[in-house]
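What follows is a short walk through the pockets of one protein model. Please look over the sequence and the structure before reading on.

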Amino acid sequence: MSRPATFDHWIAALEARHLRDLTFPEISRALRALSSAYVERRHKLAEGAALSGAGKRAAFALFYGPLHFLLVHHIVNALPDANVSFETLVDLGCGTGAAGAAWASACARAPRVFGIDRHPWSVAEASQTYRDFAIDGRVRQDDVTSAKLPKSPASLLAAFTINELSDESRETMLARLLERAAHGDRVLVVEPLAGFVAPWWKRWADTFASAGGRADEWRVRAKLPDIVAKLDRAAGLNHREITGRSLWSG
Ligand SMILES: C[S@@+](CC[C@H](N)C(=O)[O-])C[C@H]1O[C@@H](n2cnc3c(N)ncnc32)[C@H](O)[C@@H]1O
């Protein structure tokens, strides 16, 4: 899978920044805790538990960010016309900005990116990511369920965000996304493959299909950056394949 040259510079910058204050063993320990928060303590996610603590934030930035980048980059290059140039990308729950940067940098001319995240650390981190990719981007600290969004036409991305919402917020988000799709906006939702992470997936997939969209599953073999492969091994994880699933209304 080809990736933009800026990807390697971004990884090097992430490594330098996050390994300045924490050691590799500290980050790999935090990665174990973060991974178990995603699996065993999912009920705490809506309270923002995943990004509580410098170690987990560094682990998210250095490990999950690059994996999400590689997956989303693959997806937008595979979905028909997802990577044709467009003006505005809204990254809902942008985290470190990885997924939005992946979509933007897959386009011949990168769109302007508006990141939205409720966590102050994400706002700073995503701003830095957009700078590292030379993307015209800005980030706002806000709740995706109520934030004012840029006007249509726009492409909306929600990568690994919807599963962190409460049931009520998720319903609000589904209605918001479908309304934007009905007005001609493009919508891409990406989530992990594991069924227990998104028990709501089938209903969302059926709803997207009735609105003319599609659902896909992805298994991507990609060469992982060295730091990601090293963390993968140290934390006892196995990402020889990067997996995920998506909903697309294009
Ligand atoms: C697992 S991370 C994914 C980040 C990024 N989209 C990616 O693919 O790497 C989920 C992000 O959603 C954010 N988030 C969760 N609920 C949110 C809400 N209601 N409003 C705004 N951001 C939210 C979290 O702060 C976190 O940064």
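**Pockets and their linings**

Helix 3 gives the largest share of the lining of the largest pocket, six residues. The model is a predicted one. Helix 3 spans residues 54–78, and it is joined by helix 2 (24–39), helix 4 (98–106) and strand 7 (242–249), each of which supplies at least two residues of that lining.

The volume of the largest pocket is about 1,100 Å³. Its lining is made up of 49 residues, and the closest to the pocket centre are Tyr 38, His 68, Phe 160, Asn 163 and Glu 164. Sorted by class, the lining of the largest pocket holds 23 nonpolar, 17 polar and nine charged residues.

The second largest pocket has a volume of about 150 Å³. Here the largest share of the lining, four residues, comes from helix 1. Helix 1 and helix 3 each supply at least two residues to this lining. The lining residues are Arg 17, His 18, Arg 20, Asp 21, Leu 22, Ala 54, Arg 57, Ala 58 and Trp 121. By class, four are nonpolar, one is polar and four are charged.

One of these lining residues is His 18, which lies in helix 1 (residues 5–21). Is His 18 buried or exposed? His 18 has a relative accessible area of 9%, so it counts as buried, the cut-off being under 20%. Leaving aside residues up to four places away in sequence, His 18 touches Ile 27, Ala 58, Ala 61, Leu 62, Trp 121 and Glu 125. Ala 58 and Trp 121 are also among the residues that line the second largest pocket.

Methods. Residues numbered from 1 in each chain as written. Predicted model: local features only at pLDDT ≥ 70, side-chain atom pairs only at ≥ 80, totals over all residues. Heavy atoms only, no water. Buried < 20%, exposed > 50% of the residue type's maximum accessible area, 1.4 Å probe, protein only. Contact = heavy atoms within 4.5 Å. 1 Å grid on protein atoms, 1.4 Å probe; cavity = no way out; pocket = protein on both sides within 12 Å on 5 of 7 lines; lining within 4 Å. Points joined across faces, edges and corners; volume = space filled by probe spheres on them. Nonpolar A, V, L, I, M, F, W, Y, C, P; charged D, E, K, R; others polar.
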